[in-house]
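Hi everyone, thanks for coming. Please have a look at the model on the screen, and then I'll walk you through a few places in it.

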Amino acid sequence: MNASYTKALQQENIQPAGYPEVAPKVMEEGKDFEFVATVEIFPQVTLGDFSKISVDTPVVEIVDQDIEDTITNLREQSAEFEVAEKAAETGDQVILNYVGKKDGETFEGGSAEGSTLDIGSGRMIPGFEDALIGMKAGDKKIAELSFPDDYHAEELKGAAVEFEMDVIEVKSKTLPELDAAFFEKFGENAKDEASFRELVKENMEKGLAQRTKDEVKRQVMDGLIEEHTVTIPKAILKNEIDALRQQSMQRFGGMQGMEDMDLTSMLPDELFSEEGERRASLGLIVSAITEESKLTVDEARVDELVEEFAAGYEDPEQVREYYQQDEMRRNLRALVMEEMVVETVLEKAKQQDKVMTYQALMNPQPEAAEDA
């Protein structure tokens, strides 16, 4: 059956998009066995007009305040906390026990002992961290709060609750000084404050260049989605959804100990269907552009990409060896091909500069929802 199925695909020049459904047609003693194989095929994608795609290319100048803000963030990441006999304020770290209750009953995930919380981090629901301001070690209070209307747990959306708070310790934050001990954490090129600032600026420029490229690519891909209607084979969509589900599990602690669990019931297809459809559509559109434009990957560009990655590590040779592995090399070729597709679209797309601040590009804020 495998041999005859493969031969039939070759004879009819069929590209299957997944595994076939096989049903017997003739299965009687003394007669040749016949079967029918039904398989989805890759759809024909008719490419649209790339000139209808509009792309705003970010134009950003790194100013002195951007550098100062980045240095402050680096110092924040190396901050130390020491126990302080004082009332908690924004920026302090608090160790506390808390118990959340709704209608007098505790609810799942609403209690903790010895929890460490940085006031101002925004980790908790609105009002929780503010309620800790002014409390000292040993203080207790009950804070009356409400969960946001868009909270992820259905039973807690907009719910009025009480949190019993018991502060164990208050710790003050101390930022490291801009001295040799701090500079040496960033490599041998950071010998003093002047060279450290120069290194920070260089890294910011590299990050800015990559972020600009990513933003242009996002707009191109969004434009391709808008300009094309693609019929997605079920098999391709299923593969994308399964891949997204696996990625989600790995992001939240990997698969260890969960091999025997039904991941589909834990993380149903509906959670990934929208993103899966987008990825599947883009995959088909990109393939069509690649074929029509006769694009082939330039191995020199793959090598350049490897060098870009290697430049950020102390042992670049180890990185080069890592990306010589077949699978890693294939992934890089796919990245280069995507870049070439973006370049092909940009040749015809409408492009205009968009002046932005460094902060706006590197840390975009979600758009505020309009009032109903």
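Let me start with a question: is D103 buried or exposed? D103 is exposed, with a relative accessible area of 71%. Here buried means under 20% relative accessible area, exposed over 50%, and partly exposed in between, with a 1.4 Å probe and protein chains only.

Before I go on, this is a predicted model, so local features need pLDDT of at least 70 and side-chain atom pairs count only at pLDDT 80 or more, while totals for chains, interfaces and linings use all residues. Residues are numbered from 1 along each chain as its sequence is written, and side-chain values use heavy atoms, with hydrogens and water left out.

Back to D103. You'll find D103 in the loop between strand 5 (93-102) and strand 6 (105-118). Helices (H or I, at least four residues) and strands (E, at least two) are DSSP runs, numbered from the N terminus. D103 is not a glycine, and its phi is positive, near 55°. N13 also has a positive phi, of about 55°, without being a glycine. N13 sits in the loop between helix 1 (2-12) and strand 1, and N13 is exposed at 68% relative accessible area.

Now to the helices. The axes of helix 9 (residues 299-310) and helix 11 (residues 326-346) are 9 Å apart, and the two pack at an angle of about 110°. That makes helix 9 roughly perpendicular to helix 11. The axes are lines fitted to C-alpha atoms, for helices over the stretch in contact, and angles run from 0 to 180 degrees between N-to-C directions. Angles under 35 degrees count as roughly parallel, over 145 as roughly antiparallel, 65 to 115 as roughly perpendicular and the rest as oblique. Among the residues making this contact are D303 and V306 of helix 9, with R329 and L332 of helix 11. Contact means heavy atoms within 4.5 Å.

Two of those residues also pair up: R329 forms a salt bridge with D303, with the closest N and O atoms 2.9 Å apart. A salt bridge is a side-chain nitrogen of Lys or Arg within 4 Å of a carboxyl oxygen of Asp or Glu. R329 lies in helix 11 and D303 in helix 9, so the pair ties together parts that are 26 residues apart in sequence. R329 is buried at 10% relative accessible area, whereas D303 is partly exposed at 36%.

How many salt bridges are there by this rule? The count comes to 25. Another one joins K173 and E76, whose closest N and O atoms are 2.6 Å apart. K173 lies in strand 8 (residues 160-174) and E76 in helix 2 (residues 64-77), so this pair ties together parts that are 97 residues apart in sequence. K173 is partly exposed at 32% relative accessibility, and E76 is partly exposed at 33%.

S248 is in helix 6 (residues 234-251) and is buried, at 8% relative accessibility. Not counting residues up to four places away in sequence, S248 touches L267 and F272. S273 lies in helix 8 (residues 273-292) and is partly exposed, at 26% relative accessible area. Leaving aside neighbours within four places in sequence, S273 is in contact with L237 and I241.
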